[in-house]
Amino acid sequence: MWRLAVGVVVLIVYGWFLAATEVSLARFVRGIPWMADFLRRMFPPDLTVLASAAVGALQTLQIAVVGTTVAALLALPLGFLSARNVTSGPVFYPARALLNFFRSIDTMVYALFFVAAVGLGPFPGVLAVVTYTTMTLAKLYSEAIEGIEPGPVDAIAATGAGRLQVLRFGILPQVVPLFASYVLYRLETNIRAATILGFVGAGGIGFYIQTYLRMINYPAAAAVLLVLVAMIMAVDFTSSRLRARIV
Amino acid sequence: MIRIRGLRKTFPPNTVALDGVDLDVSPGEFVMVIGQSGAGKSTLLRCLNRLIEPSAGEVSLNGTRVTGATPEGLRAVRRQMGMIFQQFNLVRRASVMENVLAGRLGHVPGVPSLFGRFPRRDRELAMASLRLVGMEDFAERRADRLSGGEQQRVAIARALAQEPKVILADEPTASLDPRLTESIMGILQRINRERGLTLIVSQHMLETALSYGTRIVGLRQGRVAFDGPPSGITPEVVQAIYEGSGS
C-alpha cells in the first residue's frame with residue numbers, strides 16, 4: 001500500500017520535472033536537420049589553425065597539471081584533519097563541513113570569481129582548479145585514511161614510536177598509492193574542466209573554441225575540437241596506465 | 001618484573017572484559033594465557049602496553065608505572081615490550097626490512113627516521129633479527145608477497161629488533177596451520193631460553209599452551225581462574241576454565 005503511494009508520488013513528480021524542462025521528442029526531431037547542417041558546416045576542418053589550437057591545448061594541460069599538483073599538496077593536511085580515525089570530534093566536524101561546503105561549488109564558478117579578482121588569463125584558471133580540486137582530493141584522502149587497516153598502526157604504536165612515526169610508518173604506506181591514483185584521476189577530470197575555463201576568460205583551449213564559434217568559423221572550431229580530443233585521449237591513456245601500475 | 005594489580009576493563013555499554021586481574025610475572029618466564037574466546041586474553045595483553053586503555057587498576061614494568069604514564073613515559077615502556085599479533089599486522093606494501101626497522105622507531109633519532117634514514121647499527125640489528133627467524137633472504141621482498149608463517153616470523157623479527165625485555169604475543173598462531181604453529185612456538189621458545197626474554201602469550205590451543213609454557217594462567221570471564229605450572233592442569237581445572245561460562 002505504502003509502496004504504491006510512494007510510486008504514484010514519484011511518477012507525478014517525475015512527470016512535473018519533464019514538463020518543467022519542456023522535454024519534447026517532436027521538437028528534437030524538428031532540430032535534427034539543423035544539427036546535420038551544423039556538422040556539415042564543420043567540414044572540412046580548417047587545419048591552418050592547428051598551431052594556435054595546439055598552443056591553447058598546451059595551456060589547458062599546463063593549467064590542469066599546475067592546479068592539480070598544488071591541490072594534491074594542499075589537500076594533504078586537510079585530508080588528515082578530516083579523517084575520523086586520526087582527529088578528534090572538535091577538529092573533524094568543522095573540517096568536514098568546510099570540505100563539503102566548498103566542494104559543492106564547481107570549478108567554473110570559482111573561475112568566474114577569480115577572473116573578477118585577478119583578471120583574465122590562465123592564472124585565474126589555475127586558482128579555480130586548485131580550489132575545487134583541493135576540496136575534492138581532501139575528501140578522497142580522508143576516506144582512504146579512514147579505510148586503512150588498524151592492525152599495522154597498532155603494531156607501529158606498540159614499538160614505542162611517536163605520533164609522527166606512526167603516521168609515517170603505519171598510515172602513509174597504506175594510503176600513498178591510493179592518493180597517487182586519486183591525483184591522476186583528478187588530473188584527467190581537470191583537463192576536461194580546464195577546456196571550458198577559456199569560455200569565461202580563464203585561459204586555455206576553450207577560448208579558441210568559443211571565439212571560432214562566435215565568428216561562425218565552424219571549420220576552425222572543428223580543428224580545435226580535434227586537437228582537444230587528441231589531447232584528452234593521450235592524457236587518459238597515460239594516466240590510466242600509470243594508475244594501473246600504482247595500485 | 002611485570003606487576004598487575006586490580007586490572008579492569010569495561011567496554012561500553014557494559015561488557016566486562018577484565019574483572020580485577022592480579023598477576024606478577026618474573027624475568028624469564030614463558031607465561032601462556034589460556035581461556036575461551038571472550039575470556040579476556042587479548043584485552044589483558046593489550047592493556048599491558050595500553051593499546052587498550054584499562055578502566056581501572058595498575059600495570060608496572062620493572063617498577064615503572066605503565067598505567068598513568070605520560071605519552072613520553074608510555075613510549076619508553078612500549079620500547080621494552082615487543083608485541084606479536086594474530087594477524088601479523090605487517091605493513092603490507094612495505095618491504096620486510098622496512099617492517100623490521102619499524103621495531104627500531106622508539107630508539108632511533110626521530111626526524112631522520114621520518115625520511116626513512118636509520119643509523120647503521122640499527123640496520124644491522126634489524127638484519128640480525130631477521131637472521132634469527134631465518135628470514136634474512138627475504139629482506140627486500142614486499143611483506144604481502146610472503147605466506148602467513150613467513151609474515152609471522154618477520155613480525156617476530158620486528159619485535160626482537162626492539163631489543164625488548166618482554167614479548168607479548170596475542171594468539172600468534174591462531175591464523176596458522178598446526179605445522180606452522182610448531183615452528184612459530186619453537187622460535188618463541190628459543191628466544192625465551194637463549195635470550196632469557198620474558199614471554200606472555202595468549203593461546204587458544206590447550207595442548208600447545210601446555211607443551212611450551214613454563215606457567216599457565218587460565219582466564220575465565222575476565223578473572224584469573226588458574227595460575228600455576230603446566231603440571232598443575234588437571235581435568236577439573238580445564239573444566240573450571242573452559243566450561244559453563246556461557247559462550
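Predicted model: local features only at pLDDT ≥ 70, side-chain atom pairs only at ≥ 80, totals over all residues.
A:P124 stands 12 residues from A:L112 along the chain, and the C-alpha atoms of the two are separated by 8.4 Å.

The secondary structure of chain A comes to 10 helices and 0 strands, so that, read along the sequence, the chain follows the pattern α-α-α-α-α-α-α-α-α-α. The radius of gyration of chain A is 23 Å, well over the 18 Å that the globule rule gives for 247 residues, and chain A is therefore more spread out than a compact globule. Taken along the principal axes, the box filled by its C-alpha atoms is roughly 70 × 60 × 40 Å. Of the 247 residues in chain A, 37% are buried, and among contacts with a separation of 6 or more, 74% join residues 24 or more positions apart.

Two packed helices are described by the angle between their axes and the distance between the axes. For α3 (residues 50-81) and α8 of chain A, the angle is about 140 degrees and the axes are 9 Å apart, which makes α3(A) oblique to α8(A). The crossing of these two helices, α3(A) and α8(A), is right-handed. On the α3(A) side the contact includes A:T60, A:L61, A:I63 and A:A64, and on the α8(A) side it includes A:V183, A:R186, A:L187 and A:N190.

Helix α8(A) also takes part in the side of chain A that touches chain B, where α7 (150-158) and α8 (163-195) of chain A each supply at least two residues. Between the two chains, 19 residues of chain A are in contact with 22 residues of chain B. The largest share of the chain A side, 8 residues, comes from α8(A).

The residue classes in these two contact regions are set out below.

| Region | Nonpolar | Polar | Charged |
|---|---|---|---|
| Contact of α3(A) with α8(A) | 9 residues | 5 residues | 1 residue |

Terms used: Residues numbered from 1 in each chain as written. Chains lettered and ligands numbered in written order. Contact = placed C-beta atoms within 7 Å. Helix = DSSP H or I, 4+ residues; strand = E, 2+ residues; numbered from the N terminus. Rg over C-alpha atoms; globule rule 2.2 N^0.38 Å. Buried ≥ 20, exposed ≤ 12 C-beta atoms within 10 Å, placed from the backbone. Axes fitted to C-alpha atoms, helices over the stretch in contact; angles between N-to-C directions. Parallel < 35°, antiparallel > 145°, perpendicular 65-115°, else oblique. Left-handed = near helix turned anticlockwise from the far one by under 90°. Nonpolar A, V, L, I, M, F, W, Y, C, P; charged D, E, K, R; others polar.
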